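Visitor: I would like to go through the labels attached to this structure and hear, for each one, what it rests on.
Guide: Let us look at the structure together and then take the labels in turn.

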Amino acid sequence: MLRVCLKGANSAARKCLCGNGVPLHPLQQCRSYTSGGSGSSAGKIVAASVLTVGGGVGGTILYANWDPKFRANVEKSIPYSDQVFGLALGPAAPPPVINKPRKVEPVQISSMSEMWKDSKQPKAKEVEKKAEQPDAEGPPAPAPQETLEEASAQVAQILSAIGEVPSVPAPGTHEAEAVPPPAALKGVPAAAAKCTECEHEPAVKERPEGEVAARLAEQDKAEQDLLTSLSSNLEDALGSTAKVTLQAIGAQEAALQAIAQHTRQLREAMEAEAPPDKKSTQWRVLEDALSERSRSVDEAGAAVLKAKAELDKLRGVIDGAKHLKIAAARPSILAAEENLHSMVVDLDSVVTRVQTAQSEAKIVSQYSELVNEAKAQFQKELNSITPEIQANWKGLTGKLTQDDLNSLIAHAHRRIDQMNRELAEQRVREQIHIDSALEQQKLEDKKALEVAVSTALEHNREQMRLEQEKKVEETREVMEAEMRTQLRRQAAAHTDHLRDVLKVQEQELRSEAEEANPEQLKETEYRRLTQDQLDSFTLDMNAAYARLKGMEEAIDSHVIAEEEARKAHQLWLSVEALNYTLKTAALNDPTEPLEGAVQAIKESCAEDEFAQALATALPSESLSRGVYSEASLRARFYAIRQLARRVALIDETRNSLYQYFLSYLQAMLLFEKAQEAPPAKLSAEDLDTFKLLSYAAYSLEHGDLELAAKLVNQLKGESRRVAQDWLKEARLTLETKQVVSLLSAYANAVGLGTTMAP
Amino acid sequence: MAEEQGRKWDRCLADSAVKLATGLGVGIVFSVLFFKRRTWPVVFGLGVGLGMGYSNCQQDFRSPYLLHGHMVKVSKSHTS
């Protein structure tokens, strides 16, 4: 492409030069032609290259947008690409965090809690049913309570751990609390009943005392609770009934008052002959009184009903309390019953009073009705006779004629006759009526009497029953006190009897002991003397024996010391042999196998643990094959060094053939000191392969195989692999030498030790 | 260990030589039989042989450092 351009340029230059005389037009033409030509091809080239580069960059960016790993790779390898990417795509997204499914768990736990709640309710019901059955054991009631509480505690733990605190445990525990008390209530009386039955059966085994005491305490507590609840119930009921009864009585009294007033007013209205206008007001007042009376009577009736209902309720409560059969509650029950009784009596008396007042009022109203009727009748008759006369006959005196007057008088006479006849008839009938009325009255009186008698009888019966119960209570208390005193007396008698028996026994035993005594005293005296003799004799014997033993030990220790000395000598000899074998190494061959010498050591110090341990600490290779000497290792080192230098660049990441070529090049071109003194502390830059090798060479030349081995150990990568063999050999040699030196030191020490007196 | 490098190089060179020669041979055959005695199959065969030899050599030198790993799928029960 370049040649084409050059050719084009040359031809253009030649043409321009030779075209000096040619007019401007072709020059321009040819110039424009050639420049256009070269320009177009150059332009094409430029355009094509721009397109390629742009396409490459764009493709890279697009792919980086799609694959974040590719983007990271490119950013690592090409500098400033991260900025380009940042401009084009925005910052790289961080790696996605794994979202643990935490949301799922609370939902599950809440559903679990629902299950717990549901499962608890049937459990509570089961507990109730179980407790109602007559079991001999009270424990089923506390055990379900415990499991319920445990379950609720577990649920509470789980829920609190997750972080939610629903109100599930609260109803659970509330239920658990509500269930055991009624269960206990029902269970305990049943248990108490069963307990008394158990006592009668002789085949039942005796319960342990603690259990009985606990059970009694339980029962007492339950009774106490019941008592308090009962008394509170009774008080409440009593209070309410008293209030209602008082209200009823008050209403009845009010009704009584209203009735009495109404009756009185009615009678007044009947008997008094007031002028007509006052009469109308009187009638109105009367009507008011009547309405008042009816209202108060209704009120009284309602109050009485309410009071009766309350009284029935109270009676029901008292009966329930009586069913529970608790002795201590009896006085309060009795008092409640008395109250009830008195209230009933009061109520009945008031009701009867109201009824009598009502009957009186009826009589008076009937009387008033009759009077009104008669008046109306009279008025009608008067109107029929003298139709033209109006009702108001005060103003009539001047208008009446003689005839009218006569007729009026005649009518009046007739009327009087009629009245007289009627009166006579009435008198006769009256007698009969009175007789029949008396009969009826007698009957009614009898009935009322019977009713009154029966109610009085009832009341009396109640009273007597209450008194009887009171007396029963008292006698029971007295009996209990007496029984207690008798039992106490019996217990006291028992202790006295025991004390007497014990005293008698003591006396007998003492007399027996004293009889047997005098003979024994002589025997003990004799025995003591012989024992003293024996003791002195044994002491002498022991002393002699001890001296003998001492002498024997001294002799033995001498023997032992000699033995020890011999052994130490032997050990020393064998260690020396081992040392000698170490020196047999030829230049490039290892020593002889050390096995023989080590075996000799082991035999010579069979009892010496330290030496045995050391002998076994020798590496197995040295035993079987022998170790190389320092000299041979030194010689080998130089070959290793060359090799290590050559592969200095190769390690786990760089190990292609190209790297090998580079490494070889480096080894050829890099010059380091043949030997360099290693510093006391190695810094990071000292860990370069070449430096390490020169340090190691220096230490080897100065006889420090150990330091050389340490330095060679710092090599990395392929150099290390190459030096591995040498390192292993160096280690073996070092180990063996160390063990052998230890052994010889030990042998020397032991030898020294045995020459001294034990 | 120290001799291993030498041994590897020996192997490598021998192998490369063999492959080169084989490539040349196959190239010549193909060139003569199918491609009308052009030069490019021969060159191609030589290149192939050299490439294979190079690759083998590299693999041999790399063999101590090659790691063979395998993916372990974590089962669902160990999500935490």
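Visitor: Why is A:Asp312 called partly exposed?
Guide: A:Asp312 has a relative accessible area of 47%, and the classes are buried under 20%, exposed over 50% and partly exposed in between, with a 1.4 Å probe and protein chains only; A:Asp312 is therefore partly exposed. Please keep in mind that this is a predicted model, in which local features need pLDDT of at least 70 and side-chain atom pairs count only at pLDDT 80 or more, while totals for chains, interfaces and linings use all residues. Residues are numbered from 1 along each chain as its sequence is written, chains are lettered from A and ligands numbered from 1 in the order in which they are written, and side-chain values use heavy atoms, with hydrogens and water left out.

Visitor: What makes the pair A:Asp312 and A:Arg315 a salt bridge?
Guide: The term asks for a side-chain nitrogen of Lys or Arg within 4 Å of a carboxyl oxygen of Asp or Glu, and the closest N and O atoms of this pair are 3.6 Å apart, so A:Asp312 and A:Arg315 meet the definition. The two are 3 residues apart in helix 10 of chain A, and are therefore separated by about one helical turn; helices here are DSSP runs of H or I with at least four residues, strands are runs of E with at least two, and both are numbered from the N terminus. Salt bridges that share partners also join A:Glu337, A:Glu462, A:Arg465 and A:Glu469 into one network.

Visitor: How many salt bridges does the structure hold over all chains?
Guide: The total over all chains is 30. Among them is the pair A:Glu292 and A:Arg295, whose closest N and O atoms are 3.2 Å apart; A:Glu292 is partly exposed at 37%, and A:Arg295 counts as partly exposed at 44%.

Visitor: Why does A:Glu514 count as exposed?
Guide: Its relative accessibility is 55%, and A:Glu514 therefore counts as exposed.

Visitor: What makes a group of residues a patch?
Guide: Patch residues have over 30% relative accessible area and no salt bridge, with like charges joined within 9 Å and nonpolar side chains (Val, Leu, Ile, Met, Phe, Trp, Tyr) within 5 Å. A nonpolar surface patch of about 930 Å² includes B:Val32 and B:Phe34, and helix 1 of chain B gives the most to it, with 8 residues. B:Val32 is found in that helix and, because its relative accessibility is 43%, counts as partly exposed.

Visitor: Where does UniProt place the "transmembrane region" of chain B?
Guide: The unreviewed UniProt entry places this feature at residues 12-34 of chain B, a span that is 96% helix and 0% strand in the model, with its end C-alpha atoms 32 Å apart. UniProt positions follow the numbering used here, feature names are shortened, and annotations may be inferred rather than shown by experiment.

Methods:
Areas by Shrake-Rupley, 256 points an atom, 1.4 Å probe, with all protein chains shown as cover.
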